[in-house]
Amino acid sequence: MLISIAVDFRHANVATRERFHLSPERILRLHTTALPAGVRELVAVATCNRSEIYAWTAGHDPASTVAFDDAVDAIARVWMGNRAGAKALLGVAQRRAGLDVARRVLRIATGLESQVMGDGQILGQLRQ
């Protein structure tokens, strides 16, 4: 199942985005820590207006809320480094599964989810 966890300018103010920003240290931790159970692949996207993680999990049914919640909780703990931080993150983050994630990535890549509509730099940021 494709899932995502996101903090962006539409749902969080600057201070909140800074608190949960995917800094180089957090991205390194995401890539060097063993993936949480059930998570097979993980991609982090960090820009000035968004921090998002996309993951492919072992579960294939987006309607399975238990598998979804377990994967999201595990990823949030790695992202933040502890349970308290993960709980705070999930209090503000947008969570998506399945086709909603695919649509989201396409909207981001085309600049439709940018603060400046049609921002051409986002595609390059996604490639990184």
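The protein chain contains six helices and four strands, where helices (H or I, at least four residues) and strands (E, at least two) are DSSP runs numbered from the N terminus. Along the sequence these elements follow the pattern β-α-α-β-β-α-α-β-α-α. The model is a predicted one, in which local features need pLDDT of at least 70 and side-chain atom pairs count only at pLDDT 80 or more, while totals for chains, interfaces and linings use all residues. Residues are numbered from 1 along each chain as its sequence is written, and side-chain values use heavy atoms, with hydrogens and water left out.

Of the 128 residues in the protein chain, 41% are buried; buried means under 20% relative accessible area, exposed over 50%, and partly exposed in between (1.4 Å probe, protein chains only). Among contacts (heavy atoms within 4.5 Å) with a separation of 6 or more, 65% join residues 24 or more positions apart.

Helix α4 spans residues 83–92, and its buried residues are Gly85, Ala86, Leu89 and Leu90. These residues lie on the same side of α4 because they cover an arc of only 130 degrees around the axis, the arc being that of the directions from the helix axis to the C-beta atoms. The cover over the buried residues of α4 includes β1 (2–8), α3 (65–80) and β4 (94–97). Exposed residues Ala84, Lys87 and Gly91 are carried on the face of α4 turned away from its buried side. At the N-terminal end, α4 is capped by Asn82, which has a side-chain oxygen 3.2 Å from the backbone nitrogen of Ala84.

Key
Polar contact = N/O pair within 3.5 Å; in protein donor to acceptor, adjacent residues only side chain to side chain.
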